[in-house]
Amino acid sequence: MAEIVRGKGVISGIAVGKIMLAGQNLDGYLVNYKAEAVETEKKKAADALVAVAETLRESIERLKSQDMVEQAAIMEAHRMMVQDPMMAENITAKVDETKSAPHAVLQAAEDQAKMFEQMADEYFAARAVDLRDVGKRVAKFILGVKEPEIGDEKVILCGREIEPSVIAGMPSENIAGVILGSGSTTAHAVIIAKARAIPTVVGLNKEDRIDRISDGDHVILDGERGEILINPTPAECAQYDEKIKKQQELAKHYAELKDLPAVTTDGVKIELMANIGSHMDVDNALTYGAEGVGLFRSEFVFMGRQDIPNEEDQFKAYKEAVEKCGGNLCVIRTMDIGGDKPLPYLNIPPEENPFLGYRAVRISLERRDLFLPQLKAILRAGVYGKAAIMVPMIINVAEFKKVKEFIEEAKLELAHEGKTYADDVQVGIMVETPAAAIMTPILAKYVDFFSIGTNDLVQYTLACDRGNASISHLYNHFNPAVLRLIERTITSAKEAGIWAGMCGEMASDPLAAVLLLGMGISELSMSAPSIPRVKEKIRSVSSIRAKEILADVMKMEDADEIKTYLQKVLD
Ligand code: PEP
Ligand code: MG
């Protein structure tokens, strides 16, 4: 019998494959690292430097043979850093201090990076990023965390923490499943996996269950039940083959809904759109029947790379997404950096409360060097279809007015440079803070649309960290306080004659969709694989019934009562 490890299933589906340990955020690994004698730690560090230099040499040769000269040069610079005798010396000294090889490597790299950062010469200052990267690479080697590499075989990525960019950076066809130690349904790594329908289980840091899974293990992952079978027997494999068959039949049923509209039995139509993290996700979204993109998380264009993408790089990505949407809307959210989406090369100092800190529009408004090129890229992409600009984390009217000034400035610059752009791009905001939701009657005078971001709105309204598994029972979009803010937002939009949609994960819950329908929402945007389920539910009710259900729900006092009631009347 296989050993079974249990977590929380967050994306259903069965995945079969080999485990690849992955993860860019090393905190969890460092906490659990068991150091040995100081001399052994020194040897581990020295051996890791040699081994990493060798893997870098192999990568350089491969890149050169593929004519990827620039990337090869970067790797060459990294190899020189790894082989620098000063680096080795600093690490040895740090092992004496920290008694731990990976900690020593990271600290030595950080010290050197800081020295570089202080240099006036821009070129040398920029090398700080490379040094940190190299330090991480060597530390990962010691900790046994592999860099995911694209091979022929499908893998199941497994890590205490996996940065969203790791999943975003790998083609979907290479990832069969994801196992995440931390996380919840709204962790960004999970959101990306969801957009790609990758079966996922989270929450295995609890009792260190994740340590029972080793690199190279053959596993069956059940994303529905949250179970991972390690090295299953042939009989167990056969049992799961049956489930895989059922999964394929359901997919076939959903495929039949693809071209049908999301319309209630009495003719009320809702737009069902897709949330994407890359222009490469659009094709996949369309196969699920998405009628455009309701949220393009543009920060992923900035992640998983060494430097800021310039206007041209961004333009190419946005243009492709807009074009692929045909005549349908493609809502591009301006970068939402911060929270659980750090951007190492911006060197933002660590914060005690990153979700309440320097993030999203707060960064954009201060960093015109980032914001203007992004706005220009979106405005230019608008020529190739129907683009919209959406601003995250708005808390007041003043921020939005400043954004509009930036947009005017971007247009002036484009006109001056003789570049064509779309003048009629809609500009809206995410309603994801209680402040914005409360102020929607006023904000509605300035914006073209609202899109409700429940992932953050729930966490800020309920003072409940969206990624903290130990309080996940409190994090609930059916909480009456949250429902009231949502209803207020939709009503404000209707009164002002603008549209309101939702792009938080709540939109992918078929039961919630009925309530939102009752409130008069006009668009729901979600990870594309969820579209058929939501569509099926909308097509099964009338708008009148949805309003009756909503009226009942708004009389109820708590989230569990509401959910139980909805299950009773709708499931
Ligand atoms: C949200 O907060 O609901 C949202 C859609 O944005 P993100 O999940 O990227 O924070
Ligand atoms: Mg958000």
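Lys42 counts as buried because its relative accessibility is 19%, buried meaning under 20% relative accessible area, exposed over 50% and partly exposed in between (1.4 Å probe, protein chains only). This is a predicted model, in which local features need pLDDT of at least 70 and side-chain atom pairs count only at pLDDT 80 or more, while totals for chains, interfaces and linings use all residues. Residues are numbered from 1 along each chain as its sequence is written, chains are lettered from A and ligands numbered from 1 in the order in which they are written, and side-chain values use heavy atoms, with hydrogens and water left out.

Lys42 forms a salt bridge with Asp96, their closest N and O atoms being 2.9 Å apart; a salt bridge is a side-chain nitrogen of Lys or Arg within 4 Å of a carboxyl oxygen of Asp or Glu. This pair links distant parts of the chain, with Lys42 in helix H2 (residues 38-65) and Asp96 in helix H4 (residues 85-98), 54 residues apart. Helices (H or I, at least four residues) and strands (E, at least two) are DSSP runs, numbered from the N terminus. Asp96, at 39% relative accessibility, counts as partly exposed.

The structure holds 43 salt bridges. Another joins Arg359 to Asp336, with the closest N and O atoms 3.1 Å apart. Both residues lie in the loop between strand S11 (329-333) and H13, so the pair ties together parts that are 23 residues apart in sequence. Arg359 is buried, with a relative accessible area of 0%, and Asp336 is buried as well, at 1%.

The next stop is a metal site. The protein donors of the magnesium ion (ligand 2) are Glu432 (OE) and Asp456 (OD), at 2.0 to 2.1 Å from it. Donors are N, O and S atoms within 2.8 Å of the metal (3.2 Å for Na, K and Ca); water is not among the atoms, so sites may look incomplete. Glu432 is buried, and so is Asp456.

Helix H15 (residues 397-417) has 21 residues and reaches 31 Å from its first C-alpha to its last, close to the 30 Å expected at 1.5 Å a residue; the expected span is 1.5 Å times one less than the number of residues. Its buried residues include Val397, Phe400, Val403 and Leu414. An α-helix has 3.6 residues a turn, so residues three or four places apart point the same way. After H15 comes Gly418, whose phi is positive, near 75 degrees.
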